[in-house]
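Let us walk through this structure together. Keep the sequence at hand and follow along in the 3D view.

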Amino acid sequence: MTTPATDHRVASDAAGSGGLRLLDITLTLGDGDTAVTALDDVGLTVAAGEFVAVVGPSGSGKSSLLAVAGGLLKPTSGTVHIAGAELTALSDKERTAARRRHIGFVFQQSNLLASLTVREQLLLPLHIDGRLDAAARTRADELIDAVGLSHRAGSRPHQLSGGERQRAGLARALMTSPAVLLVDEPTSALDRVRSAEAVQLIAEQTHERGTATVMVTHDTAIMDAADRVYEMVDGRLT
Amino acid sequence: MFLALRDLRFARGRFALMGAVVALIAVLGVLLSGLASGLADAGISGLRALPMTHMAFDEKATSEQFSRSTVEQEDWQEWSKAPGVERAEPFGNTLANAQVTQGAEKGEQVNLAVFGMAPDSPLAPDPARGESLRESGAGIVITREIADLGVEIGDILTADRSEVRLEVVGLVDETISYGHIGVSYTDLDTWRHLHYGLPGDLPEAARQQATAVALTLEPGADVAAVEKATATRADAKQATFDASPGYAAESSTMALIKGFLYAISALVVGAFFTVWTVQRKAEIALLKALGAPTGYILRDALAQVVAVLVGATAVGTAAGLALGSAMIGKAPFSLSAPAIATSSGLLIGLGTVGAIVAVRRITAVDPLTALGATR
């Protein structure tokens, strides 16, 4: 069995790949009478290089799914495996480190830092991890080029269009060569044409770099680019 | 400081405003320190210059001892025999008015803070020009402040009331003051004439009196017995400063003003960084979601705080020093490096404390809020 080049922590996982595995995930938020089941026995396996879209109305549990997959929330029961390691078994500190090294987030409206240029946005994750070196700078330039922002490398977020911001956010998420890429409503601030372009770019990068990508969206028009599409209703995945 | 420096540059307007407040407080801090040391110099530099470790006052005088205390000859004799006492010397202190009756500035009124001592005692001055004190002849040694009035060596001053003729025999070329008046040194008998306002021969009782006993004690000397025997109380040199007119009130007023200033500065810095941190909440959540440990974000924020405080304090201190140098000579003002270092250090230190309280809320930010649905 060969392991994808981008994934250096692949172990012999039941899925047979480095990707993302969610097993029997249940997430209950709040307690007592106000308890809400956000995720109800969810299972999902995404292989490296695969692009999965999860669609559903707001409140269906999509964001909770991302939060659990990305280690921001601990599920009430069930396990999350990333690149063969069990994320749910880690301590808070280790989970933070795993987020930093193996998980890439693309947030709604991209969520860039106001004072940083596009290039600096990309360098930040590696600075946080203490790995900001010449190789990192080269990689940043390569990624900026890959998302078509070379002419914008020195611009700050307020100088960028919505589409450009989204692309910068994607490039930042890819900086650490994550095993898993989690994308939250990438098109909420974009028009139809730019939405299609943005999702196409995510699909390309997923296939090219071998990330296990999960995108949640309520925008059914952008699902075509995905390899598989799931629907989420009331915390259940179908 | 990856993010902190870029935030400083990006939001430079806001940081400049806050920095300006800190810098102005630093200016005020330097000026207040200068004024405090200037007032201290004017109040007690004469006492500070005396070679002694303690001073024994009449135990009945509990405040303003220099004008209320009287000691007798047997007191200082008793003190000099006591164990642990290296030296005990009579010391006289009085304020007197005199007129220049012979010299270039004839007719000029002069205020004198007169220190009386035995001419052969270590308390006696060592004049830069002229002669030292002598046992008889009513000579005085003046200091800079009186010389600045035009009084010169060889001039004769005549004291009010006692009509004692004082011949200026020497000059100590330094500004030495007591109670905001330039100090003059004289022998004990002349001091007694001035103190009691008596012309002619002194009564027998007065001839054996002084204000206090200047002491040099061995470290840790136990003087309780001799204090009891002589009905005197030995104060450490530092404590005698409070016995001079107005000194305690002046220094506590200055300390109060400075204390308020530092408190205000800590609050301003704390308030600014509270608002700043609250504004950054979304970015902090994002950083945490990206996997930044809380320690990384706190370090970044504190580096920013310290950079702003140190920069602003340095600018303000430099401006304060420039302003202060212009004030020397026009006001009781003197720049002392330790006082200014303390003032700047406190400003930075307390500002940092204020900011730490503010940036602590970084720890409470939930990275989950970086995800759309919960925003």
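This is a predicted model: local features need pLDDT of at least 70, side-chain atom pairs count only at pLDDT 80 or more; totals for chains, interfaces and linings use all residues.

Start in chain A, in the loop that runs between helix H5 (162–174) and strand E7 (180–184): A:Ser177 is found there. What stands out about the backbone of A:Ser177? Its phi is near 50 degrees, a positive value in a residue other than glycine. The site is partly exposed, because 16 other C-beta atoms lie within 10 Å of A:Ser177, and a residue needs 20 or more to count as buried.

Now move along to the loop between E7 and helix H6 (192–209) of chain A, where A:Glu185 is found. A:Glu185 is not a glycine, yet it has a positive phi of about 40 degrees. Is A:Glu185 buried or exposed? It is buried, because 22 other C-beta atoms lie within 10 Å.

Turn next to chain B. It holds 12 helices and 13 strands. The C-alpha trace spans about 100 × 50 × 30 Å along its principal axes. The radius of gyration of chain B is 29 Å, whereas a compact globule of 375 residues would have one near 21 Å. Of those 375 residues, 45% count as buried. Take the contacts in chain B between residues at least 6 apart in sequence: 83% of them join residues at least 24 apart.

Helix H4 of chain B covers residues 73–81, and its buried residues are B:Asp75, B:Trp76, B:Glu78 and B:Trp79. Why do they line one face of the helix? Seen down the axis of H4(B), these buried residues fall within an arc of 155 degrees, so they share one face. On the other side of H4(B), B:Gln73, B:Glu74 and B:Lys81 are exposed. What does the buried side pack against? Its partners in chain B include strand E1 (54–58), strand E2 (71–72) and strand E3 (85–102). Strand E12 (212–217), helix H7 (224–230) and strand E13 (232–236) are also among them.

Go on to helix H6 of chain B, residues 188–196, where B:Thr190 is found. B:Thr190 is buried, because 25 other C-beta atoms lie within 10 Å. Which residues does B:Thr190 touch, leaving aside those up to four places away in sequence? They are B:Gly116, B:Ala138 and B:Val164. Compare B:Gly200: B:Thr190 is 10 residues from it in sequence and 11 Å from it in space, C-alpha to C-alpha.

Further along chain B, UniProt has an annotation. An unreviewed entry places the feature "domain: ABC3 transporter permease C-terminal" at residues 259–365. Over residues 259–365 of chain B, the chain is 81% helix and 0% strand. The end C-alpha atoms of that stretch are 34 Å apart.

Finish where the chains meet. Here 20 residues of chain B are in contact with 25 residues of chain A. Helix H1 (2–10) and helix H10 (281–289) of chain B each supply at least two residues of the side that touches chain A. Which element of chain B gives the most to that side? H1(B) does, with 5 residues. By class, the side of chain B that touches chain A has 14 nonpolar, 3 polar and 3 charged residues.

Technical notes
Residues are numbered from 1 along each chain as its sequence is written. Chains are lettered from A and ligands numbered from 1 in the order in which they are written. UniProt positions are given in the numbering used here, feature names are shortened, and annotations may be inferred rather than shown by experiment. Helices (H or I, at least four residues) and strands (E, at least two) are DSSP runs, numbered from the N terminus. The radius of gyration is taken over C-alpha atoms; the globule rule is 2.2 Å times the number of residues to the power 0.38. A residue is buried if 20 or more other C-beta atoms lie within 10 Å of its own, exposed if 12 or fewer, and partly exposed in between; C-beta atoms are placed from the backbone. Two residues are in contact if their C-beta atoms, placed from the backbone, lie within 7 Å. The arc is that of the directions from the helix axis to the C-beta atoms. Ala, Val, Leu, Ile, Met, Phe, Trp, Tyr, Cys and Pro count as nonpolar, Asp, Glu, Lys and Arg as charged, and the others, Gly among them, as polar.
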